[in-house]
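Please have the structure open as you go through them.

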Amino acid sequence: IVGFTSISEKVPPTVLIETLEEYFTEMAKVIKARQGIIGDFIGDAVFAFWNTPEPVSRHAFMACDAAVTQQELLGKLRDAWVTRGLPPFHIRIGLNSGPVLAGNVGSRDRLKFTLIGDTVNLASRLEGLGKYYGVNIVVSETTYHEPGVEEAFVGRILDTVSVVGKAKPTTILTLL
């Protein structure tokens with residue numbers, strides 16, 4: 001959620017929790033309807049993935065469709081929240097595709113199913129780049145070239161970047 005720290009400073013905690021619950025519930029419905037898995041709610045962020053632990057046909061398409069639908073739905077939620085005097089959330093989404101290590105990770109007494117690897121790290125960096133480029137969705141070229149994505153979504157190339165910690169540059173796009 002863009003500017004979440006500032007929002008949380010101005011909104012009473014009970015109101016913030018209620019708004020977050022409504023937001024997370026609606027975003028989770030979109031992800032689940034497209035065969036995605038909610039890996040975690042990390043503060044104000046949703047970590048979701050496709051194609052593991054079970055295969056998902058056209059998983060990149062499903063993720064892109066979820067991202068676009070979430071942005072559209074959030075616009076409607078924002079309008080309703082503003083009329084109720086609640087904070088108008090805006091979100092950024094980063095999408096990347098590739099190999100990951102999927103499984104139970106954690107300590108000896110607390111495990112959680114999650115994804116680990118360069119692919120996940122890049123997706124997180126792409127979300128952050130949305131601020132720099134002034135867009136809500138940033139997609140790697142790898143994801144954009146997955147089956148079904150180019151045919152269904154118009155992508156506008158933003159740049160070729162080398163994100164922090166990576167030597168290999170990545171071409172990034174936004175979905176229109």
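1. Let me start with Arg58, which is partly exposed because its relative accessibility is 43%; buried means under 20% relative accessible area, exposed over 50%, and partly exposed in between, with a 1.4 Å probe and protein chains only. Please keep in mind that this is a predicted model, in which local features need pLDDT of at least 70 and side-chain atom pairs count only at pLDDT 80 or more, while totals for chains, interfaces and linings use all residues. Residues are numbered from 1 along each chain as its sequence is written, and side-chain values use heavy atoms, with hydrogens and water left out.

2. Arg58 sits in the loop between β2 and α3; helices (H or I, at least four residues) and strands (E, at least two) are DSSP runs, numbered from the N terminus. Its phi is positive, about 55°, although Arg58 is not a glycine. Arg58 also lies over the face of Phe61, 4.2 Å from the ring centre; the rule here asks for NZ of Lys or CZ of Arg within 6 Å of the ring centre and within 35 degrees of the ring normal.

3. What does Pro147 touch, not counting residues up to four places away in sequence? Pro147 touches Arg58 and Phe61, where contact means heavy atoms within 4.5 Å. Pro147 and Arg58 are 89 residues apart in sequence, yet their C-alpha atoms are 6.1 Å apart in space. Pro147 belongs to the loop between α5 (141–144) and α6 (149–152), and it counts as exposed because its relative accessibility is 52%.

4. With 33% relative accessibility, Asn51 counts as partly exposed. Thr52 and Pro53 are joined by a cis peptide bond, with omega about 5°, and Pro53 is in that loop as well.

5. Now for the rings. Rings of Phe, Tyr and Trp (its six-membered ring) pair if their centres lie within 6.5 Å; planes under 30 degrees apart count as stacked, over 60 as edge-to-face and the rest as tilted. This rule gives eight aromatic pairs. The Tyr23 and Phe24 rings have centres 5.4 Å apart and planes at 45°, so this pair is tilted. Tyr23 is buried at 4% relative accessibility, and Phe24 is buried at 12%.

6. Phe49 and Phe113 form another tilted pair, 6.1 Å centre to centre with 45° between the planes. This pair links distant parts of the chain: Phe49 is in strand β2 (residues 45–49) and Phe113 in strand β5 (residues 110–116), 64 residues apart. Phe49 is buried at 4% relative accessibility, whereas Phe113 is partly exposed at 30%.

7. On packing, a nonpolar core is a set of buried Ala, Val, Leu, Ile, Met, Phe, Trp, Tyr and Cys residues joined through side-chain atoms within 4.5 Å. The largest has 36 residues, and those touching the most other members include Ile1, Tyr23 and Phe89. Helix α3 gives the most to this core, with 11 residues. A second, separate core has nine residues, among them Val135 and Ile172.

8. Finally, Gln70 is in helix α3 and counts as buried at 9% relative accessibility. Leaving aside neighbours within four places in sequence, Gln70 is in contact with Met27, Val30, Ile31 and Ile93.
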